[in-house]
Amino acid sequence: SPHEAAPLLDDHGFGETSVQCNATLGGCMFLAENSFGGNRIVAHFAPRPEGPWSDAVVLHDMADSAFLATHCCQSDTQCLGADELFHCGKAGFYGTYLFPHVDGTVTDFTVSYTMSTWDPYNVALLRARFVRP
């Protein structure tokens with residue numbers, strides 16, 4: 001391109017990014033762990049890969065007490081139950097990767113993605129539903 005390269009998003013602190021573009025999304029979806037100012041899983045949307053990209057939509061936040069109450073391990077030595085994912089005082093989110101299949105329509109769709117943790121090391125399969133006006 002004759003133009004200088006520029007960041008697609010103004011957010012900082014992304015790790016393990018994943019992007020999917022298809023008709024059900026009505027364009028593209030960017031999913032990533034964002035550690036700038038916390039530990040969150042965020043999504044951005046755009047009509048084309050080059051943008052413009054939307055503001056962040058937070059899917060999970062380590063500061064969310066409801067999420068922590070469900071997904072933090074109650075024991076210091078092991079995680080029990082299907083919903084207990086990690087030791088929240090020691091670990092955080094990473095490795096969020098979208099699966100290519102999207103269920104639904106452009107105004108009401110569900111995506112599936114992985115999310116990893118490192119204490120204990122684990123990979124979870126998660127889903128998120130998005131409804132557009």
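Me: What makes the link of Cys73 to Cys79 a disulfide?
Reply: A disulfide is a pair of cysteine sulfur atoms within 2.5 Å. The sulfur atoms of Cys73 and Cys79 lie 1.7 Å apart, so the pair qualifies as a disulfide. This is a predicted model, in which local features need pLDDT of at least 70 and side-chain atom pairs count only at pLDDT 80 or more, while totals for chains, interfaces and linings use all residues. Side-chain values use heavy atoms, with hydrogens and water left out, and residues are numbered from 1 along each chain as its sequence is written.

Me: Why is Cys73 called buried?
Reply: Buried means under 20% relative accessible area, exposed over 50% and partly exposed in between (1.4 Å probe, protein chains only). Cys73 has 11%, so Cys73 is buried.

Me: Why does Cys79 count as partly exposed?
Reply: Its relative accessibility is 24%, a value between the limits of 20% and 50%, so Cys79 is partly exposed.

Me: Why is the disulfide of Cys72 and Cys88 called left-handed?
Reply: The torsion about its S-S bond is about -105°, so the disulfide is left-handed. For Cys21 and Cys28 the torsion is about 105°, so that disulfide is right-handed.

Me: Why is Asn34 called buried?
Reply: Asn34 has a relative accessible area of 2%, so it is buried.
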